[in-house]
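Here are a few notes to read alongside the model. Have a look at it first, then go through the points in order.

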Amino acid sequence: MKQYLEKVLAEIPQFVSHFAGCLFTPKAFLQQQLSEQQHSKVSQGVEFLFLAFLIALFLSQVLPEATNPLTLPQDEQALLALGSQALLNLFLIFFVAAIAYGVLRWQGCQHSFADFFQLFAFFCGVSMVLAVFANALTNIALIDPVIARTWLDLEQGRDEFQALMQLLLCQTDAVTGELQGEFPPEQQARLEQLQLQSQQLLERPLFVLASSLQGLVSLLVLIWLARVWWLYGRLMQLSGSRIVLSAMLCFGLVLLGSWLLELMETGGQMMALYRQCP
């Protein structure tokens, strides 16, 4: 982990320069990058994404998300799992970039995929870092001691909840959907208690405030990305209608792909649960 930290520190000045350009002067940044004649733009985009991932990972330790905290790997197995997830995310970003480029190409974009992917990687990496700050806003809710204690109870009951859900699935008939046998009353009561705690947590004022602020920052990032899309389309001399149409098509295709990926992951999780059934 020390070598990754050293790499991050060595690349910080260049990263901050790109970060500021993407965030505050996106039009000038786009024009500058498109005018430069560079080789291996795809590999440079991948390197920037990797660096953004590491920076986001380290920042998440200083500003952890209350509802989904990340932890640095403590052994080889944890490091392998983290690396595998990062590699999957990189390929997913590559596929999203390919979809976006294909849509823009269909609408009349003349630039190469290498040029587009480098810009896509820059703005995606900046969004990744901004997401850390947006997620950290959930810590505001923990000022409320009721939320803090309830959340700890839910975290401690997470494994218990998964075991109860597995028992419920194992005792459900796959054809009729009816429960076979009797579900233990004490386990049914525990399941209802966990569900009630979750519902009460969502209704606390500070939790609503923190979630709203998180949503607001996320919305601002989406608006910023929409503006970047518009600026890039105008630099490609696309009409306003083509830019809007390409954005809608890209969003729809990415949403469809996300739905398919979620179905695949859910199927894998279901099989893992059924394999553990007695």
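1. Start with helix H3: its buried residues (under 20% relative accessible area, with a 1.4 Å probe and protein chains only) include Lys41, Gly45, Phe48, Leu49, Leu51 and Ala52. Leu54, Ile55, Ala56, Leu57, Phe58 and Ser60 are also among them. H3 covers residues 41-62, and its 22 residues reach 32 Å from first C-alpha to last, close to the 32 Å expected at 1.5 Å a residue (1.5 Å times one less than the number of residues).

2. A word on what you're looking at: this is a predicted model, where local features need pLDDT of at least 70, side-chain atom pairs count only at pLDDT 80 or more, and totals for chains, interfaces and linings use all residues. Residues are numbered from 1 along each chain as its sequence is written, and side-chain values use heavy atoms, leaving out hydrogens and water.

3. Now find H5 (residues 113-136) and H9 (residues 205-235), which pack at an angle of about 165 degrees with axes 10 Å apart. That makes H5 roughly antiparallel to H9 (an angle over 145 degrees). By class, their contact (heavy atoms within 4.5 Å) has 12 nonpolar, 4 polar and no charged residues. Phe116, Phe123 and Leu130 are among the H5 residues there, and Val217, Trp224 and Tyr232 among those of H9.

4. Leu34 sits in helix H2 (residues 26-35). Is Leu34 buried or exposed? It's buried, with a relative accessible area of 18%. Leaving aside residues up to four places away in sequence, Leu34 touches His111, Asp115, Leu119, Tyr232, Leu235 and Met236. Leu34 and His111 are 77 residues apart along the chain, with their C-alpha atoms separated by 8.9 Å.

Key:
Axes are lines fitted to C-alpha atoms, for helices over the stretch in contact, and angles run from 0 to 180 degrees between N-to-C directions. Helices (H or I, at least four residues) and strands (E, at least two) are DSSP runs, numbered from the N terminus. Angles under 35 degrees count as roughly parallel, over 145 as roughly antiparallel, 65 to 115 as roughly perpendicular and the rest as oblique. Ala, Val, Leu, Ile, Met, Phe, Trp, Tyr, Cys and Pro count as nonpolar, Asp, Glu, Lys and Arg as charged, and the others, Gly among them, as polar. Buried means under 20% relative accessible area, exposed over 50%, partly exposed in between (1.4 Å probe, protein chains only).
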